[in-house]
Amino acid sequence: MNTLGLDSLETLFGDPFDDDNPVGFAGVLAADEQAVPLTDGELLLAKWNFNHEFVPRSLGGRLTGADELARRLRPVFRRDPALGLGYGVTSLMAAVNVWAAGSTDQRHRVADDLLAGKRIAVAFHELAHGNDFLRNEFAARFTADQIVLSGTKQVINNIERAESLVLFARSVDAPGPRAHSTLLIDKRGLPENSVRYLPRFTTSGMRGCHLGGAVFDNVPVGFDALVGAPGQGVETALRAFQVTRATLPGMAIGTLDSALHLAHDFATGRKLYGHTVADLPHARGTLAAAFTDLLIADCLATAVSRGLHLAPRASSAPAAAVKYLVPLLLEEAHHELSVILGARSYLREGRHAAFGKFSRDLPLVSIGHAGATSCLLAILAQLPTLARRSWSPAAPPAELFDTAIALPELDVRGLSVSDKAPDPLMSTLAQVRPDGGLPGLFATALAELRADSLRLPPGEMGPAASAEAFELAKRYTLLLAAAACLGARQFATSEFLSSPQWLTAALTRLAARLGHGDGVLADELAEPLFGELTTRVDQRLSCGMDRSPIFG
């Protein structure tokens with residue numbers, strides 16, 4: 001694992017608790033109060049060539065491994081999620097569409113812009129339709145010599161600040177998946193005053209992001225703006241989504257990482273009745289459980305991100321599972337930690353005030369171009385096929401879990417829009433014997449999911465599906481997470497990840513979500529995890545699998 005860039009970024013950010021540090025928590029909170037971007041943070045990321053992370057190495061950037069991308073950008077989300085999303089990750093969300101279907105010229109143009117520090121916005125969203133892209137109304141009308149754009153896009157990050165846009169537009173009036181196209185628009189080449197910008201949208205979280213909208217009124221662009229073939233927009237988006245669904249939640253793990261450090265710092269410093277909060281068994285158990293949930297999230301996001309390289313024809317459903325489950329784990333763990341801080345979790349000033357900002361920012365991680373329901377639908381539509389073809393027992397490949405093994409450069413074009421090959425991650429669980437114990441419980445649950453999925457009627461595989469059908473998709477995400485934890489333990493290279501306690505704790509937490517137990521960790525599990533967490537907080541190490549130095 002190459003952590004040089006990650007460590008240098010942490011060093012540049014410095015001590016978050018230093019009030020004189022312009023990119024410390026005090027500076028982050030000050031910018032949040034004013035609902036403006038963290039200017040010093042943007043300057044720092046520009047110095048670090050943040051946008052180079054989004055450009056494939058073959059085009060002059062630093063993007064090779066999807067899992068490494070998430071880890072390298074996680075420090076930004078530890079400091080300020082709004083900075084991570086607002087400064088540049090939106091450019092990744094736009095660029096992957098070009099990596100997926102763009103021409104050679106488009107790929108080089110986007111690469112050159114990003115390497116020069118310019119922004120690209122991704123203009124998919126229309127408030128009237130949310131994540132239902134097949135109903136989008138923004139129109140791209142093809143004439144003999146040009147494409148004419150008409151319509152409104154709303155709640156688009158950096159739409160005014162970006163030099164270019166990736167637009168999702170209806171190119172034919174007929175319904176169906178071939179009715180939309182993707183376009184790459186260079187705003188610098190548009191007729192003057194041809195685009196009218198809407199007032200900025202205000203939000204309760206991610207307040208440093210510039211969310212706006214734009215109205216296009218018969219704006220002409222050339223055919224060279226078309227990304228891929230006409231009508232290929234949905235297919236392009238489904239390939240691009242796999243990258244962002246897998247990597248963005250992996251970056252957002254940094255928010256819970258900081259929240260754990262803040263909550264632990266509070267618990268060990270706050271005294272009640274002659275003892276610290278951390279002396280209370282309930283508080284220790286809560287911290288240990290949140291730490292465990294972070295490890296589960298990291299295992300899942302890492303394995304699925306590596307699967308984009310190793311199993312590109314079996315990554316659609318796993319990527320959707322990451323986008324559904326990881327934000328849920330992060331939000332719920334953060335909420336449990338808020339009980340430790342009590343009323344202080346709402347304070348907007350003081351040593352632990354950043355905890356409240358993370359509370360406000362985290363919910364926005366789970367929405368955007370792929371909300372929870374759309375991710376579950378992406379899984380649900382494929383469950384019968386997955387049950388028939390993709391869950392065969394097989395020994396897991398070490399490359400899926402061992403981050404020290406280098407991966408080939410990510411090929412977004414090679415991703416399949418639906419899963420058509422065996423899934424090496426779920427196969428890790430499929431080889432477990434259902435003969436008792438926690439791993440066996442999950443093996444039995446997988447056999448039950450297979451049987452239930454094969455019985456799904458066509459009417460239960462779309463938006464009109466019953467709550468029971470959606471529960472199958474949720475069960476799939478939990479079993480995939482269990483498989484990721486089992487694989488991470490099997491191929492662990494650190495003493496902590498090789499130990500049985502954290503894996504038993506992780507499976508205990510996941511089993512509760514399947515309806516087995518309450519998820520409360522017994523003392524023999526909670527105490528070792530709390531001890532490991534304490535070591536990491538004292539030594540300023542991350543709470544993820546990599547245990548990397550953080551906070552300067």
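The report covers model basis, salt bridges, cysteines, a surface patch and a proline.

## Model basis

This is a predicted model: local features need pLDDT of at least 70, side-chain atom pairs count only at pLDDT 80 or more, and totals for chains, interfaces and linings use all residues. Residues are numbered from 1 along each chain as its sequence is written, and side-chain values use heavy atoms, leaving out hydrogens and water.

## Salt bridges

Side chains of opposite charge can pair when their charged atoms come close. The whole structure holds 32 salt bridges (a side-chain nitrogen of Lys or Arg within 4 Å of a carboxyl oxygen of Asp or Glu).

Arg 360 pairs with Asp 32, with the closest N and O atoms 3.0 Å apart. The pair links distant parts of the chain: Arg 360 sits in helix 10 (residues 354-361) and Asp 32 in helix 2 (residues 25-34), 328 residues apart. Helices are DSSP runs of H or I, at least four residues, numbered from the N terminus. Both Arg 360 and Asp 32 are buried (under 20% relative accessible area; exposed is over 50%, partly exposed in between; 1.4 Å probe, protein chains only). A network of salt bridges links Asp 32, Asp 80, Lys 357, Arg 360 and Asp 361.

Glu 53 meets Arg 62 in a salt bridge at 2.7 Å, N to O. Glu 53 also bridges to Arg 72, at 2.7 Å. Here Glu 53 lies in the loop between helix 3 (39-47) and helix 4 (66-79), while Arg 72 is in helix 4, 19 residues apart. Glu 53 is buried at 1% relative accessibility. Arg 72 is buried at 8%. Arg 62 is partly exposed at 24%.

## Cysteines

The structure holds zero disulfides (pairs of cysteine sulfur atoms within 2.5 Å). For Cys 299, the nearest cysteine sulfur is that of Cys 485, 4.3 Å away. For Cys 375, the nearest is that of Cys 209, 19 Å away. Cys 299 is buried at 2% relative accessibility, and Cys 375 is buried at 0%.

## Surface patch and a proline

Arg 313, Arg 388, Arg 389 and Lys 420 form a patch of positive charge on the surface. Patch residues have over 30% relative accessible area and no salt bridge, with like charges joined within 9 Å. Arg 389 belongs to helix 12 (residues 383-389).

Pro 327 lies in helix 9 (residues 316-341). Pro 327 is buried, with a relative accessible area of 1%.

Definitions and conventions: Patch = residues over 30% accessible without salt bridge, like charges linked within 9 Å, V, L, I, M, F, W, Y side chains within 5 Å. Areas by Shrake-Rupley, 256 points an atom, 1.4 Å probe, with all protein chains shown as cover. Lys, Arg positive; Asp, Glu negative; His and termini not counted. Charge placed at Lys NZ, Arg CZ, Asp CG, Glu CD. Helix = DSSP H or I, 4+ residues; strand = E, 2+ residues; numbered from the N terminus.
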